[in-house]
Amino acid sequence: MVRSPGGRPASGCRGRSGGVGLACGTGPPGRAARQGGVDPYPPPPGRRRDVVDLAGNDYLGLSAHPAVTAAATAALAGYGLGSTGSRLVRGSTTVHHDLEEDLAGWLGAERALVFSSGYLANVGAIRGLVQPRTLLVSDAHNHASLIDGCRISGAETMVTPHADVDAVRAALAAAPNRPAVVVTESVFSVDGDLAPLAELHAVTRAHGALLLVDDAHGLGVIGPGGAGGVTAAGLAGELDVIVTATLSKALGGAGGVVAGPAEFVRHLVETGRTFVFDTAPPPAVAAGVRAAVGLAWAGDQLRAELGDRVAARGPTVAGRGADRVGAGGRGRVGHRARPRGGHRLGRRLP
């Protein structure tokens, strides 16, 4: 669900010109619509009906922006449909490296590495941070890719109650002299609330731990220049912070990224199984995403339009059975979630 710079969901289906808009769908209704249902498939170009899209991830409407599609089309003509190999064999192109340099600059990191999905970026990053005796401290509302990354890593994982800084502090204090990584999202994908990143970073640093932040729903939408929740919290470039994100939401493309210290990224290039043994993202996708990065970086107007749509559509959504929860930057529109988590110290991941 789309979220405004304040962390609230909004509709952001692209308009006809590729900008943020609310118009999407097909002209004549399909069979499902004629039978009283809803056609679940996006329309082909030029065939739309006016609906409000609360399900798509194209937050800034960049997937069909002319500059994005032109860049992708040029790369498609030059490189062909697929990358035809893994990054370490023959799948890397100038387009991939240019995209990684742009992402590192946008996020304020020493280096960035592009994966074929955000899921694989999360799994690879967590596995790359684990060493013998590592303790992972994971928020109870974390995305499935983070949960699976913790499980696949084989490390002991303590799941703490959602956004509970004191529980994280207690978990780290209970494991002295052990390497530890705190794992969280920046904007949580279901409820749309913001993680207390500055407070979490202070706790992790005090205990000599690392902080891994999945910025999938913050990148492009919040922070200076849309650089995400980590930048908004003043943590860009910190050497004890690793940032992951997907390229398929605000950037309208596909793929994932891990950004952080150059030494860690080199470690992933050499040992990260989800990077080494996976086919590289298609060059056309990488080129389109790179164009989208430039638009999102300079896209304050796009973010303002997104905020306007939140304000305009929020009351309508609330009037149709969804609660409007929170206010002042931590607000969001959505169904009120039930509390999840464990006891004060948390629970161990099975």
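User: Is the crossing of α4 and α12 left-handed or right-handed?

Analyst: The crossing of α4 and α12 is left-handed. A crossing gets that name if the near helix is turned anticlockwise from the far one by less than a right angle, and is right-handed if clockwise. This is a predicted model, where local features need pLDDT of at least 70, side-chain atom pairs count only at pLDDT 80 or more, and totals for chains, interfaces and linings use all residues. Residues are numbered from 1 along each chain as its sequence is written, and side-chain values use heavy atoms, with hydrogens and water left out.

User: Why are α4 and α12 called roughly parallel?

Analyst: The axes of helix α4 (residues 94-107) and helix α12 (residues 283-297) cross at roughly 25° and come within 9 Å. Axes are lines fitted to C-alpha atoms, for helices over the stretch in contact, and angles run from 0 to 180 degrees between N-to-C directions. Angles under 35 degrees count as roughly parallel, over 145 as roughly antiparallel, 65 to 115 as roughly perpendicular and the rest as oblique. α4 and α12 are therefore roughly parallel.

User: Which classes of residue make up the contact of α4 with α12?

Analyst: Eleven nonpolar, two polar and three charged residues. Ala, Val, Leu, Ile, Met, Phe, Trp, Tyr, Cys and Pro count as nonpolar, Asp, Glu, Lys and Arg as charged, and the others, Gly among them, as polar.

User: What makes α5 roughly perpendicular to α10?

Analyst: Helix α5 (residues 118-129) and helix α10 (residues 262-271) pack at an angle of about 110°, with their axes 10 Å apart. That angle makes α5 roughly perpendicular to α10.

User: Which residues of α5 and α10 meet?

Analyst: Gly124, Ala125, Gly128 and Leu129 of α5 are in contact (heavy atoms within 4.5 Å) with Phe264, His267 and Leu268 of α10. By class, four are nonpolar, three polar and none charged.

User: How does α5 pass α6?

Analyst: In a right-handed crossing. The axes of α5 and helix α6 (residues 144-153) come within 8 Å and cross at roughly 35°. The contact of α5 with α6 has six nonpolar, four polar and two charged residues.

User: What lines the largest cavity?

Analyst: The lining has 14 residues, and Ala109, Gly237, Glu238, Val241 and Gly260 lie nearest the centre. Ten of the lining residues are nonpolar, two polar and two charged. Strands β8 (241-246) and β9 (256-260) each supply at least two residues of this lining.

Conventions. Helices (H or I, at least four residues) and strands (E, at least two) are DSSP runs, numbered from the N terminus. On a 1 Å grid over the protein atoms alone, a cavity is a set of points where a 1.4 Å probe fits but cannot get out, and a pocket is an open set with protein on both sides within 12 Å along at least five of seven lines; lining residues have an atom within 4 Å of a point.
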